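Here are my notes on the model you sent over. Have the structure open while you read, and go through the points in order.

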Amino acid sequence: MLARATAAAWLAVACGAAAQQASPPAPAFAAPNLTPAGVRALAASCAPCHGTDGHAEPGSTVASLAARPPGDIAGSMALYREGRKPATVMQQISKGFRDDELEALDAYFARQKQRGDAPK
Ligand code: HEC
């Protein structure tokens, strides 16, 4: 009888302690997307195909994104996302971005200087 009461008391204490435990903080392995570091990280996801900072390698069949007029990239991405611009991969890729992320990417690439050695 005493043992059962003791066990019940321990259970109550243990449950109370578990209930009071604060939830763990969100993982901090990536910068939020709309910070400067976050936008650089989003732009880096384009680099394997469009080149670092949007400068496609000379001779690449994939277009450069650097120094495009403002609105150009966000506009194309929105068309891809809606399935209104034909594509092999960009319709899928564009679905991963919200409007504000596309606008931030657009501004990031528009700020990049054009290079003489890269396709336009
Ligand atoms: C896996 C390779 C790949 C990645 C990664 C990629 N793209 Fe593309 N992108 C392409 C290809 C290929 C095309 C040509 C359309 C097609 O076939 O999908 C293209 C076309 C585009 C165009 C249209 C260019 C034009 O002149 O019409 C834009 C804008 C664009 N991509 C933006 C981006 C952005 C922004 C990212 C990163 C968020 C990105 N792409 C990531 C391969 C890629």
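Which residues are closest to the ligand, and how many surround it?

1. **Ligand shell.** The ligand has 17 residues around it, and the closest are Cys46, Cys49, Ala87, Thr88 and Met90. To be near a molecule, a residue needs its C-beta atom, placed from the backbone, within 6 Å of it. By class, the shell splits into 13 nonpolar, 4 polar and no charged residues. Nonpolar here covers Ala, Val, Leu, Ile, Met, Phe, Trp, Tyr, Cys and Pro, charged covers Asp, Glu, Lys and Arg, and the others, Gly among them, are polar. H3, H4 and helix H5 (90-94) each put at least two residues into the shell.

2. **What you are looking at.** This is a predicted model, where local features need pLDDT of at least 70 and side-chain atom pairs count only at pLDDT 80 or more, while totals for chains, interfaces and linings use all residues. Numbering starts from 1 along each chain as its sequence is written.

3. **Overall make-up.** The protein has 6 helices and 0 strands, giving the pattern α-α-α-α-α-α along the sequence. Helices (H or I, at least four residues) and strands (E, at least two) are DSSP runs, numbered from the N terminus. Of the 120 residues, 18% are buried. Buried means 20 or more other C-beta atoms within 10 Å of the residue's own, exposed means 12 or fewer, and partly exposed is in between, with C-beta atoms placed from the backbone. Among contacts with a separation of 6 or more, 56% join residues 24 or more positions apart; a contact needs C-beta atoms, placed from the backbone, within 7 Å.

4. **The core.** The largest nonpolar core has 11 residues: Leu65, Ala66, Ile73, Ala74, Met77, Tyr80, Phe97, Ala104, Leu105, Tyr108 and Phe109. H4 and helix H6 (99-111) each supply at least two residues of this core. Such a core is a set of buried Ala, Val, Leu, Ile, Met, Phe, Trp, Tyr and Cys residues joined through C-beta atoms within 7 Å. Leaving out residues up to four places away in sequence, Ala66 touches Asp53, Gly54, His55, Phe109, Gln112 and Gln114.

5. **H2 against H6.** How do these two sit? Helix H2 (residues 36-44) packs on H6 at about 85°, with the axes 10 Å apart, so the pair is roughly perpendicular. Axes are lines fitted to C-alpha atoms, for helices over the stretch in contact, with angles from 0 to 180 degrees between N-to-C directions. Under 35 degrees counts as roughly parallel, over 145 as roughly antiparallel, 65 to 115 as roughly perpendicular and the rest as oblique. Val39, Leu42 and Ala43 of H2 meet Glu101, Ala104, Leu105, Tyr108 and Phe109 of H6. That contact has 7 nonpolar residues, no polar and 1 charged.

6. **Two positive phi values.** Asp53 has a phi of about 55° without being a glycine, and Ala67, also not a glycine, has one near 60°. Asp53 is in the loop between helix H3 (47-50) and helix H4 (72-81), and Ala67 is found in the loop between H3 and H4 too. Asp53 is buried because 20 other C-beta atoms lie within 10 Å, whereas Ala67, with 18, is partly exposed.

7. **A buried arginine.** Arg81 belongs to helix H4 and is buried, with 20 other C-beta atoms within 10 Å. Not counting residues up to four places away in sequence, Arg81 touches Ser94 and Lys95.

How values were computed
Contact = placed C-beta atoms within 7 Å.
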